[in-house]
Amino acid sequence: MTTSTEPAAPATPATHGKIGLPTASALYIAAVLGTGMLVLPGLAADVAGPASVVAVAAVLLLSIPLASTFAALAARYPDAGGVATFVRLALGDTAARAAGYWFFFGVGFGAPVVAALGGEYLVAALGADHSLVPYIGIGFLAATIGLAAFGLRVSGSVQLVLTGLLVVVVVLVVASSGTAYDPAKFEPFLPHGWAGVATAVSLFVWAFAGWEAVTHIAAEFKNPRRIIPLATAIAIVVVGVAYLALQFVTVGVLGATGGSSAVPLIDLVAITMPGVGPIIVAVIAVVVVVGVLNAYVPAFANLGASLGRDGHLPKWFAKGAEPGQVPRRALAVFAVLSLTYSVLFFALGLELKAFILIHTSSMVAIYAIGMVAAVRLLARWSLGWWMAVISVVLTAGLLVLAGLNLLVPAVLALAAIAVTVIRRIRARRTARP
């Protein structure tokens with residue numbers, strides 16, 4: 001007989017929002033497939049050679065328990081707070097505040113990276129002046145923030161179209177590589193040893209991150225307990241096949257030189273589809289960047305509103321946190337935050353790597369605390385619980401790999417603790433006669 005320790009889920013109706021399985025799957029695919037396809041196959045080939053395909057397969061396998069756990073949590077506790085809500089239920093307000101800060105302030109450093117990649121690819125594909133990259137990148141951000149302001153129904157419909165185009169483009173790129181594919185480029189298979197494969201695994205953490213993003217809009221799904229697991233399974237298959245196929249093509253066509261360019265996908269299609277290649281890459285860049293930002297921007301806005309609702313941020317943020325509402329105040333704050341990050345990034349000429357490391361270290365911290373919460377929340381000995389246990393071990397390994405890059409999450413955690421201390425001091429003063 002199974003012993004259940006799962007706390008009662010919030011009292012919500014069986015049917016929540018208006019998002020069905022196709023749009024839910026599209027949101028997951030866009031959040032995970034994302035911008036990694038623009039650069040990571042080339043970078044991984046550069047550091048691990050042909051064995052980079054092993055790294056992709058390894059991260060795909062590792063992501064299955066993680067994605068399954070988030071699906072189980074989101075299906076049972078659909079709330080705009082996402083991971084912060086799960087952590088609050090299991091570990092208390094201070095831990096939830098830290099998780100919320102990691103996502104809202106730490107993961108947000110990824111926005112300039114996405115914007116910059118879009119700008120780089122469009123400039124390279126169109127042969128435009130490189131000085132236009134910052135303006136194009138910020139334009140991507142502004143457009144998706146404006147789209148989110150109209151509400152998730154508009155964003156979800158657009159996302160379904162964008163994700164469909166993205167999958168079609170990946171299929172075309174892979175299918176067109178047949179004439180240029182050279183099996184000889186897979187020798188030697190391990191030119192940089194297993195250390196190179198380990199580095200490639202770390203790189204692909206960026207590629208397979210995103211399973212947590214849709215948890216913030218789980219309450220907008222029709223019947224979350226049914227749709228979220230199905231959408232997760234569909235996304236795992238689509239994303240896994242896409243990245244494996246792109247990695248095989250990158251190695252088989254470009255070899256270890258795949259990472260020598262800032263826009264390796266352009267190099268790939270220039271060989272496999274000369275003439276029309278740059279146009280296709282321009283489409284890829286637009287679809288990927290708009291798709292990823294379209295998935296993440298509403299998630300940030302919903303999280304900001306829920307943090308205001310729960311008292312982790314000023315109450316002014318809370319308006320729009322209810323299912324079906326558009327949290328325009330939190331969206332406006334996120335717009336200021338992300339555009340500030342972007343202006344600093346472009347004005348100071350910072351490297352993508354610095355912002356990527358802040359983003360990924362924050363993600364690892366969120367994953368780790370989210371999985372600990374899952375072990376406490378999910379019914380003991382259930383499939384979801386076992387997935388959570390496995391994920392705790394895996395995320396602990398990712399924390400070790402993150403090392404000093406955990407500095408920003410550590411500072412944000414201290415801020416969360418400081419808020420708790422200040423509140424307790426004020427409460428004591430208020431309680432005095």
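1. Which residues account for 84% of the contacts in the protein chain with a separation of 6 or more? Residues 24 or more positions apart do, where contact means heavy atoms within 4.5 Å.

2. This is a predicted model, in which local features need pLDDT of at least 70 and side-chain atom pairs count only at pLDDT 80 or more, while totals for chains, interfaces and linings use all residues. Residues are numbered from 1 along each chain as its sequence is written, and side-chain values use heavy atoms, with hydrogens and water left out.

3. The protein chain has 16 helices and 0 strands; these are DSSP runs numbered from the N terminus (helices H or I, at least four residues; strands E, at least two). Of the 433 residues in the chain, 55% are buried (under 20% relative accessible area; exposed is over 50%, partly exposed in between; 1.4 Å probe, protein chains only). The chain exposes about 17,500 Å², and carbon and sulfur atoms supply 70% of that area.

4. Helix 3 (residues 52–76) packs on helix 9 at an angle of about 50 degrees, with the axes 8 Å apart. Axes are lines fitted to C-alpha atoms, for helices over the stretch in contact, and angles run from 0 to 180 degrees between N-to-C directions. Helix 3 and helix 9 are therefore oblique to each other (under 35 degrees is roughly parallel, over 145 roughly antiparallel, 65 to 115 roughly perpendicular, the rest oblique). In helix 3, Val54, Ala55, Val56, Val59, Leu60 and Ser63 meet Trp194, Val197, Ala200, Val201, Phe204 and Phe208 of helix 9. By class, this contact has 11 nonpolar residues, 1 polar and no charged (Ala, Val, Leu, Ile, Met, Phe, Trp, Tyr, Cys and Pro are nonpolar; Asp, Glu, Lys and Arg charged; the others, Gly among them, polar).

5. The axes of helix 4 (residues 83–91) and helix 5 (residues 93–106) come within 7 Å and cross at roughly 165 degrees. Helix 4 and helix 5 are therefore roughly antiparallel. Ala84, Val87, Arg88 and Leu91 on helix 4 meet Asp93, Ala95, Ala96, Ala99 and Gly100 on helix 5. That contact has 6 nonpolar, 1 polar and 2 charged residues.

6. Two loop residues should be noted. Pro188, in the loop between helix 8 (152–175) and helix 9 (193–208), is joined to Glu187 by a cis peptide bond with omega about -10 degrees. Trp381, in the loop between helix 14 (352–377) and helix 15 (383–402), has a positive phi of about 75 degrees although it is not a glycine. Trp381 is partly exposed, at a relative accessible area of 48%.

Notes. Accessible areas come from the Shrake-Rupley method with a 1.4 Å probe; for residues, only the protein chains shown count as cover.
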